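Try each task yourself, then follow the solution step by step.

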Amino acid sequence: MTTIIIIVILAILAITYIVCYNNLVKLRNYVQESWAQIDVQLKRRNDLIPNLLATVKGYAKYEQSTLEKVTALRSQLMSMDTDADHQKAMAVSNELSNTLKSLFAVSGFKSKYAV
């Protein structure tokens with residue numbers, strides 16, 4: 001009778017060991033899979049950085065040309081004798097207003113969708 005009890009206790013210990021070992025293996029695989037997903041996301045992010053830089057460079061070029069245009073139109077308007085040629089002054093002022101509208105529209109878009 002005692003041998004049966006010892007065999008049952010050994011069997012229970014063996015089953016407990018196997019279950020614990022399998023759980024540890026499952027957890028190890030889960031951790032490895034999680035790190036693999038993190039690596040994939042980091043690689044994906046690193047692959048997108050050149051695209052982001054190209055977009056930023058293009059946008060900076062657009063903003064630079066807009067800023068240059070606004071500066072040129074403003075200096076042209078300031079140096080112009082508005083009393084002598086009202087039509088030309090109004091044309092330059094309208095062009096400046098249109099340029100500023102596009103600049104404000106872009107800045108409004110940026111602030112609306114800023115992260």
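**Exercise 1: the aromatic pair**

Searching the whole structure turns up one aromatic pair. Work out which residues form the pair and how their rings are arranged.

*Solution.* This is a predicted model, where local features need pLDDT of at least 70, side-chain atom pairs count only at pLDDT 80 or more, and totals for chains, interfaces and linings use all residues. Residues are numbered from 1 along each chain as its sequence is written, and side-chain values use heavy atoms, with hydrogens and water left out.

Step 1: know the rule. Rings of Phe, Tyr and Trp (its six-membered ring) pair if their centres lie within 6.5 Å; planes under 30 degrees apart are stacked, over 60 edge-to-face, and the rest tilted.

Step 2: apply it. Tyr17 and Tyr21 are 6.4 Å apart, centre to centre, with 20° between the planes, so the pair counts as stacked.

Step 3: Helices here are DSSP runs of H or I with at least four residues, strands are runs of E with at least two, and both are numbered from the N terminus. An α-helix has 3.6 residues a turn, so residues three or four places apart point the same way.

**Exercise 2: exposure of the two rings**

*Solution.* Step 1: recall the cut-offs. Buried means under 20% relative accessible area, exposed over 50%, and partly exposed in between (1.4 Å probe, protein chains only).

**Exercise 3: the salt bridge**

Find the two side chains that meet in a salt bridge.

*Solution.* Step 1: a salt bridge needs a side-chain nitrogen of Lys or Arg within 4 Å of a carboxyl oxygen of Asp or Glu.

Step 1: the whole structure has one salt bridge, and Lys43 and Asp47 form it, at 3.5 Å from N to O.

Step 2: this pair also lies in α1, four residues apart. Lys43 is exposed at 53%, while Asp47 is partly exposed at 45%.

**Exercise 4: the helix itself**

Describe how far α1 reaches and where α1 has a kink.

*Solution.* Step 1: the chain has two helices and zero strands. With 78 residues, α1 reaches 112 Å from first to last C-alpha, close to the expected 116 Å (1.5 Å times one less than its number of residues).

Step 1: a kink of about 30° lies at Ile49, shortly before Pro50. The bend is the angle between axes fitted to the seven residues ending there and the seven starting there.
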